[in-house]
Amino acid sequence: MLCDRLWRNARLATLAEGGPGLGLVEDGLIAARDGRILYAGPARAAPAFAARETVDCEGRWITPGLIDCHTHLVHGGDRAAEFEARLAGASYEEIARAGGGIVSTVRATRAASEDALVGSALRRLDALIAEGVTAVEVKSGYGLSVASERASLRAARRLGESRDVTVTTTFLGAHALPPEEPDKDRYIAHVCTEMLPALAREGLADAVDAFCEGIAFSPVQTARVFEAARAAGLPVKLHADQLSDLGGAALAARFGALSADHLEYADEAGAAALARAGTVAVLLPGAFYFIRETRRPPVDLFRRHGTRMALATDCNPGTSPLTSLLLVLNMGATLFRLTVEECLAGVTREAARALGRLHEIGTLEAGKWCDLAVWDVERPAELVYRMGFNPLHARIRKGR
């Protein structure tokens with residue numbers, strides 16, 4: 001059988017659905033043609049391949065390419081000065097009164113050109129790519145006007161044109177109130193009747209997100225956004241139950257959301273609802289760490305009900321300025337008590353599920369895109385165990 005490339009003498013963590021654990025294969029082989037996997041499994045069971053190129057992996061481990069399924073990579077400015085002020089004792093209220101917080105990021109994002117947004121986001125994206133990331137989700141949400149949200153989503157699309165990476169875009173117009181609009185209901189109406197339909201018609205968004213929280217939008221307002229997304233034919237995601245239990249997990253499940261993210265305050269009913277709906281719980285330890293949260297997401301409830309769990313950086317300027325998915329693996333284990341298997345599945349298979357792309361990425365299985373990360377490690381647990389160490393040997397996307 002003819003193939004373009006063959007990776008031999010490899011150890012595989014296939015993460016295949018239905019298999020035991022990480023789907024480990026000690027003497028493994030991967031064959032690819034036209035960018036897709038033809039075979040991934042034991043060398044002894046493989047067909048006879050004639051390859052244009054053969055790569056000897058010298059016993060290295062191969063996982064699916066890593067996937068960061070929750071980021072805010074595109075934004076203007078940073079909040080380092082605000083961080084410094086908090087360290088000196090300033091309260092969030094004092095910072096907000098001085099023009100800080102999300103308003104400062106909205107102001108910087110609106111002032112930045114599309115080219116500038118792309119340029120700054122590429123630096124963050126490159127850090128992720130250097131750690132084996134082959135797919136990333138990018139949210140808008142710092143423009144909060146039709147023009148600025150459009151520019152942010154266009155910039156996100158351009159990231160996928162500038163780098164060899166799969167980019168999924170998410171419209172997060174219901175992230176916060178813009179400074180010029182004090183009325184939440186009026187702004188949500190604008191999101192639903194003008195912003196979302198326009199951006200959907202232009203094909204700039206693959207999904208729609210919202211922030212359901214006391215400091216953001218209510219469950220009723222969030223449901224209005226989700227109804228508008230449904231009318232536009234777009235799937236939904238939700239920032240849910242991060243700071244309080246407003247029933248966000250159950251709301252996400254009711255709309256068949258791809259994911260519900262954060263979830264520190266989710267209750268048992270919410271965990272069960274997510275499992276029934278097939279909605280992925282995306283855990284974000286970077287934000288938990290950075291804002292010094294003390295309440296962990298209910299991982300035991302998710303396990304008990306069979307709720308799928310993913311991990312992501314939540315890279316954003318205010319609460320998780322994090323561009324290392326490898327560090328997220330360690331944080332998921334140390335802060336949230338996830339197992340090695342849960343962590344690695346969380347940045348591959350379950351992250352792909354959270355993006356609605358499990359049919360094409362996230363595991364090493366025939367028919368999927370040949371997105372691989374090749375690692376200089378002795379065992380997969382080392383990827384979770386180490387901090388500040390990048391053992392990536394090679395990154396392959398679509399077989400190249």
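1. The protein chain contains 15 helices and 15 strands. The coordinates belong to a predicted model, and the remarks below should be read with that in mind.

2. On overall dimensions, the radius of gyration of the protein chain is 21 Å, which agrees with the value near 21 Å that a compact globule of 400 residues would have. Along the principal axes, the C-alpha trace of the protein chain extends over about 65 × 45 × 45 Å.

3. Among contacts in the protein chain with a separation of 6 or more, 72% are made by residues 24 or more positions apart.

4. The cysteines deserve a separate comment. A disulfide requires a pair of cysteine sulfur atoms within 2.5 Å, and by this rule the count is zero disulfides. For C69, the closest cysteine sulfur is that of C343, and because the two sulfurs are 13 Å apart, they are too far from each other for a bond. C315 is likewise in no disulfide, its nearest cysteine sulfur being that of C69, 13 Å away.

5. Are C69 and C315 buried or exposed? C69 counts as buried because its relative accessibility is 0%, and C315, at 2% relative accessibility, also counts as buried.

Technical notes: Residues numbered from 1 in each chain as written. Predicted model: local features only at pLDDT ≥ 70, side-chain atom pairs only at ≥ 80, totals over all residues. Heavy atoms only, no water. Buried < 20%, exposed > 50% of the residue type's maximum accessible area, 1.4 Å probe, protein only. Helix = DSSP H or I, 4+ residues; strand = E, 2+ residues; numbered from the N terminus. Rg over C-alpha atoms; globule rule 2.2 N^0.38 Å. Contact = heavy atoms within 4.5 Å.
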